[in-house]
Amino acid sequence: MPVEITWWGHATCTVRDSGVRVLTDPLFARRFAHLRRRRGAVPPPEAAEADVVLVSHLHADHLHLPSLARLPVGSRLVVPRGAARAVPGLARLARIRRLAVTEVAPGDEVAVREGVRVRAVSARHDGRRLPFGPQRAPALGYVVQGAARTYFAGDTGLFEAMAEEVGPVDVALLPVGGWGPYLGPGHLDPERAARAAALLGPTAAVPVHYGTYWPIGMDAVRPHEFHSPGEEFARCALRLAPEVAVRVPGHGERVRLP
């Protein structure tokens with residue numbers, strides 16, 4: 001059975017595998033902090049419905065408390081180990097919404113339903129709750145293991161042991177940009193993401209984490225960094241990982257893979 005990916009924007013995706021819905025890094029805001037949504041409608045209420053919700057790290061565009069508050073009461077939430085201690089609002093929200101929170105570290109596995117498991121893998125990214133706070137929880141990626149093996153990278157830089165740690169995958173959801181005109185360390189741009197695809201060797205890859213949010217008042221600053229990463233990733237992958245089929249969905253579009 002193929003896996004279906006719906007890209008809602010930024011790092012928010014619904015992965016459908018074997019009748020199970022997995023939601024990644026839900027971000028349902030029109031605007032937050034100094035960022036506004038410039039492409040794609042705010043996801044509809046049904047986007048918040050999932051059998052399990054994965055949070056890759058503590059940055060506010062990935063662990064976004066108002067978006068988590070839109071999850072149905074009793075939803076299952078998988079977060080990096082130490083997240084509840086590092087983000088007190090998460091613990092309060094979990095009590096109010098009766099969220100079933102599981103904290104994981106690289107190598108841990110969570111059974112979602114018979115035949116579908118989620119395995120946490122490491123990422124090379126600053127996992128702190130910025131703009132302050134010590135390193136209390138690791139940044140993670142996840143592999144959804146069902147009829148297909150789907151790797152959601154979260155935020156990460158390219159690292160030598162990536163393929164070894166992630167293992168064989170059929171589909172890779174790879175970040176190819178960000179929410180500002182410059183990418184700091186611990187991120188993938190289109191070319192580095194294509195190199196990651198070459199290392200991982202999936203059947204198919206989908207670019208995410210670009211083209212959704214942008215700082216207010218900076219529309220004219222390096223606009224190509226907002227508009228082009230998805231298609232640029234496809235071009236780089238054609239050169240660096242030609243065996244990988246790249247799909248570039250629009251906001252809210254569902255694609256069937258592999």
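Phenylalanine 32 is buried, with a relative accessible area of 12%. The cut-off for buried is under 20%, so phenylalanine 32 falls on the buried side. This value, like the others here, comes from a predicted model.

**Aromatic pairs**

Phenylalanine 32 has a ring partner, tyrosine 213. Their ring centres lie 5.6 Å apart and their planes meet at 75°, so the pair is edge-to-face.

How many aromatic pairs does the structure hold? There are three. Another of them joins tryptophan 7 and tyrosine 210. Here the centres are 5.2 Å apart and the planes are at 15°, so this pair is stacked. It too links distant parts of the chain, with tryptophan 7 in strand E1 and tyrosine 210 in the loop between strand E14 (204–208) and E15, 203 residues apart. Tryptophan 7 counts as buried at 1% relative accessibility. Tyrosine 210 is buried as well, with a relative accessible area of 6%.

| Ring pair | Centre distance | Plane angle | Type |
|---|---|---|---|
| Phenylalanine 32 and tyrosine 213 | 5.6 Å | 75° | edge-to-face |
| Tryptophan 7 and tyrosine 210 | 5.2 Å | 15° | stacked |

**Charges over rings**

Arginines also meet aromatic rings. Arginine 38 lies over the face of phenylalanine 226, 4.7 Å from the ring centre. Arginine 124 places its charged end over the ring of phenylalanine 159, at 3.9 Å from the centre.

**The sheet**

Strand E1, which holds tryptophan 7, is part of an open sheet of seven strands. The order is E8-E7-E6-E3-E2-E1-E17, and the pairing is mixed. Which strands form the edges? They are strand E8 (100–104) and strand E17 (253–257), each pairing on one side only. On average, neighbouring strands of the sheet are turned by 20° against each other, direction ignored.

Look at one pairing inside this sheet. Strand E1 (residues 3–9) and strand E2 (residues 12–17) run antiparallel, joined by five bridges. Across this pairing, isoleucine 5 stands opposite valine 15 in E2.

**Two positive phi values**

Most residues other than glycine have a negative phi. Serine 18 is not a glycine, yet its phi is positive, at about 55°. Serine 18 sits in the loop between E2 and strand E3 (20–24). At 34% relative accessibility, serine 18 counts as partly exposed.

Arginine 222 also has a positive phi, near 45°, and is not a glycine. Its place is the loop between strand E15 (213–215) and helix H6 (224–227). Arginine 222 counts as partly exposed, at 32% relative accessibility.

**Nonpolar cores**

The largest nonpolar core has 53 residues. Which residues have the most contacts inside this core? They are Tyr142, Tyr151 and Leu174. Helix H5 (residues 190–200) gives the most to the core, with five residues.

Now take tyrosine 151. Leaving aside neighbours within four places in sequence, tyrosine 151 is in contact with residues including Val121, Tyr142, Met162, Leu174 and Leu200. Several valines are on its list too, among them Val143, Val166, Val169 and Val171.

A second, separate core has 22 residues. Its members include Ala50, Leu63, Leu71 and Leu99.

Definitions and conventions: Residues are numbered from 1 along each chain as its sequence is written. This is a predicted model: local features need pLDDT of at least 70, side-chain atom pairs count only at pLDDT 80 or more; totals for chains, interfaces and linings use all residues. Side-chain values use heavy atoms; hydrogens and water are left out. Two strands pair if DSSP finds at least two bridges between them. Helices (H or I, at least four residues) and strands (E, at least two) are DSSP runs, numbered from the N terminus. Axes are lines fitted to C-alpha atoms, for helices over the stretch in contact, and angles run from 0 to 180 degrees between N-to-C directions. Buried means under 20% relative accessible area, exposed over 50%, partly exposed in between (1.4 Å probe, protein chains only). Rings of Phe, Tyr and Trp (its six-membered ring) pair if their centres lie within 6.5 Å; planes under 30 degrees apart count as stacked, over 60 as edge-to-face and the rest as tilted. A charge sits over a ring if NZ of Lys or CZ of Arg is within 6 Å of the ring centre and within 35 degrees of the ring normal. A nonpolar core is a set of buried Ala, Val, Leu, Ile, Met, Phe, Trp, Tyr and Cys residues joined through side-chain atoms within 4.5 Å. Contact means heavy atoms within 4.5 Å.
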